[in-house]
Amino acid sequence: MSTLEIKNLHVEVETEQGAKEILRGVDLTINSGEIHAIMGPNGSGKSTLASTIAGHPAYEVTEGSVTLDGEDVLEMSVDERAKAGLFLAMQYPVEIPGVSMSNFLRTAKTAIDGEAPALRPWLKEVKGALEHLRIGEEFLQRNVNEGFSGGEKKRAEIMQLELLKPKFALLDETDSGLDVDALRIVSEGVNNAHQENGLGIMLITHYTRILRYIKPDFVHVFVNGKMADQGGPELADKLENEGYDSYLAAAAA
Ligand code: ADP
Ligand code: MG
Ligand code: MG
């Protein structure tokens, strides 16, 4: 069992008007096999939370800690974070021109495991992932995220989840821009990784739609740079009906 622990996390970004505090004391603990939905209005700092854990250089931690099984994640390079078992699916994934999905996946697997995977079993796994995601083999020859549709970008992320077997996945707005079929396929991929590998999941979302497919154990309300409330799945239904107004009013008071 592994634990990802975020304690009193404060994060600033540099703006033209000087440093601006975006995260204002975030506490969150995720254990293996747990699904935590993070819900909140636009601009509340959800992506900043995910990007900070992933090691994005724009975000400066001024206070607090992030640890994975007691190891200081904030001291790790981006590569070391991936090796330690963290996976980030970004709201706006980057293109990698000249690098095919096939090469990218194998290189990432080699970097994470410290050795290249044996070819035959690896190709079998890759083929299995393509089948699960209902995509053709030509997908492997395309450059990472180059000209990918929203649905293809998400499928590329779920392939990584299945093949790289991280301990924790931070999924930022994985539902955005997906039609219902794509949403179902992507959710199946997430649920499989959860069931088969005990993946722990931070599922950031603005809408409750994806929570019909991926069932959270915990729902957290994130407003104005920190957690404003938490509960079980029923909290998501309440948010769908009532929105975030009462939380925003309380945060502004
Ligand atoms: P969410 O994902 O909840 O919509 P974000 O984390 O993207 O929120 O943004 C939170 C706030 O921080 C917003 O006001 C946004 O403009 C600001 N912000 C985020 N990243 C940066 C950055 N790199 N530079 C300046 N401001 C940023
Ligand atoms: Mg579970
Ligand atoms: Mg965001």
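Helix 4, formed by residues 119-132, comprises 14 residues and spans 20 Å between its first and last C-alpha atoms, close to the 20 Å expected at 1.5 Å a residue. The structure described here is a predicted model. Just after helix 4, Arg134 adopts a positive phi of about 50°.

The surroundings of ligand 1 were examined next. The shell around ligand 1 consists of Val13, Thr15, Ile22, Gly40, Asn42, Gly43, Ser44, Gly45, Lys46, Ser47, Thr48 and Ala58. By residue class, 3 of these are nonpolar, 8 are polar and 1 is charged. At least two residues of the shell come from strand 1 (3-15), and at least two come from helix 1 (46-54). Helix 1 is the greatest contributor to the shell, with 3 residues.

The largest nonpolar core contains 60 residues, and Ala169, Leu170, Leu171 and Leu203 have the most contacts inside it. Strand 2 (residues 18-31) contributes the most to this core, supplying 5 residues. When residues up to four places away in sequence are not counted, Leu203 touches Ile35, His36, Ala37, Ile38, Leu171, Ile214 and Pro216.

Positive phi values also occur in loops. Most residues other than glycine have a negative phi. Asp69, however, has a positive phi near 50° and lies in the loop between strand 4 (60-68) and strand 5 (71-72). Asp69 is classed as partly exposed because 14 other C-beta atoms lie within 10 Å. Asn224 likewise has a positive phi near 50°; its place is in the loop between strand 11 (218-223) and strand 12 (226-231). With 18 other C-beta atoms within 10 Å, Asn224 is therefore partly exposed.

How values were computed:
Residues are numbered from 1 along each chain as its sequence is written. Chains are lettered from A and ligands numbered from 1 in the order in which they are written. This is a predicted model: local features need pLDDT of at least 70, side-chain atom pairs count only at pLDDT 80 or more; totals for chains, interfaces and linings use all residues. Helices (H or I, at least four residues) and strands (E, at least two) are DSSP runs, numbered from the N terminus. The expected span of a helix is 1.5 Å times one less than its number of residues. A residue is near a molecule or strand if its C-beta atom, placed from the backbone, lies within 6 Å of it. Ala, Val, Leu, Ile, Met, Phe, Trp, Tyr, Cys and Pro count as nonpolar, Asp, Glu, Lys and Arg as charged, and the others, Gly among them, as polar. A nonpolar core is a set of buried Ala, Val, Leu, Ile, Met, Phe, Trp, Tyr and Cys residues joined through C-beta atoms within 7 Å. A residue is buried if 20 or more other C-beta atoms lie within 10 Å of its own, exposed if 12 or fewer, and partly exposed in between; C-beta atoms are placed from the backbone. Two residues are in contact if their C-beta atoms, placed from the backbone, lie within 7 Å.
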